[in-house]
Amino acid sequence: MTQSAAGVMDAVLHDPEKPVPPSGPAWGAVISLSLGTFGLVTAEFLPVSLLTPLAHDLGISEGAAGQAMTATAIVGAISAPTVAIITKRLDRRTVMWTMTLLLILSDVLAAGAWSLAVLLTARVVLGIALGGFWSMSAALAMRLVPSHLLPRAMSIILTGASVATVCAAPIGAYVGDIWGWRSAFMLAAAGAAATLLVQLITIPRLPPIGVASFRSLLDVAKIPMVKIALLVVLLVASGHFAGITYIRAFLEKIPALDVETISLVLLAFGISGFFGNLAGGLLAEYSLKAVAALAPLLIAIAAVSLLTAGASAFASAIAVAAWGFAFGAVPVGLQTWMVRRAVPEQAQSAGVLLVTVFQVAIAAGAIFGGLLVENAGITSAIAYSAVATFVAALIVFLLGPKRET
């Protein structure tokens, strides 16, 4: 970051009329954003653990019910830039409150769904909230804490997503089994309502400091280091989802694990991701380049380990856990990199670009991985993961961000 850009950053960060209350870093607001990510990711993944009873109750196939997940991802990619532009004149806290209200509405609609159309409507609403929230979270973190604490703030925010990744599926399945799948969504709605209350109390007034537009998105996309970051995002996200989408099938066929063991391995993946997120936040405070490069490199090593030693149940479990740890650190490094490459007025546009490219990469990775699995076997998808993430790590090592000063 140049000295002039740092000066602008300090002016923005310490202006009490704009982002931060005079008392200093607004950690309460940061924690409220973490609660928001927890609610969004929980709602996004609940159908995974409730798919069978949900489909049976609505009288639809499991494949049709699964389209609810696809709808959320597609709408999320579209809403990231759209919400930012439509709400460009509004106080940022008002926008975040609105996104949380949409999350509550989505959960309530899903809980009361009587047809596939209503379920899809609920998931579309969730997609709007998901894209809008994620596209602004990094920019808000930049305004809520001093620049040198940004990685820590991003780690706290993303911890909500990591915890939800670990908890959403098993808790959803447990609650659904006891009280029915609709009760799981109602419980999620109650949690989102509590989150909204915390956000109403803690998020300070955050008037827009930069007007988002398609032109501003193009301007940010022209920044050389942002271009590199977006390429890395595309490679890492597509590589990750091309492989991890089919990791259960890999574990069933190569080391031939039973369902109970696979569940434990996937739980280890989620828990490792939680700790990877924390480690990424701490390391990014000292070396952003190290996080951005080492995380995809570790994914590549884990993927190669699965290909070479995957027949061993122990080796597969260790590799999957290492993969989870590495991917947990990825969002911290990439989001911090993106927002630091832009001046404060462009931070939101940088976040929008990151979310949009990430969602596109998720879809592309899952689709491409599926094509590889159908035509060349499961190991080909894991091989693509290894190649894509290794290339991403190499790009960061050669062209990535210099050490922050």
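I take helices (H or I, at least four residues) and strands (E, at least two) as DSSP runs, numbered from the N terminus. With that settled, I counted 15 helices and zero strands in the chain.

A note on what I am looking at: this is a predicted model, where local features need pLDDT of at least 70, side-chain atom pairs count only at pLDDT 80 or more, and totals for chains, interfaces and linings use all residues. Residues are numbered from 1 along each chain as its sequence is written, and side-chain values use heavy atoms, with hydrogens and water left out.

**Whole chain.** I looked up burial (buried is under 20% relative accessible area, exposed over 50%, partly exposed in between, with a 1.4 Å probe and protein chains only). Of the 405 residues in the chain, 54% are buried. I then turned to contacts (heavy atoms within 4.5 Å). Among those with a separation of 6 or more, 85% join residues 24 or more positions apart.

**Cores.** For me a nonpolar core is a set of buried Ala, Val, Leu, Ile, Met, Phe, Trp, Tyr and Cys residues joined through side-chain atoms within 4.5 Å. The largest has 98 residues, and Val232 and Trp337 have the most contacts inside it. Helix α9 (residues 224-244) gives this core its largest share, twelve residues. Leaving out residues up to four places away in sequence, I found Val232 touching Leu334, Trp337, Ala392, Ile395 and Val396. Another core, of 15 residues, lies apart and includes Ala111, Leu119, Ala122 and Phe185.

**Helix α11.** I checked the length of α11 (residues 259-284), which has 26 residues. The expected span is 1.5 Å times one less than the number of residues.
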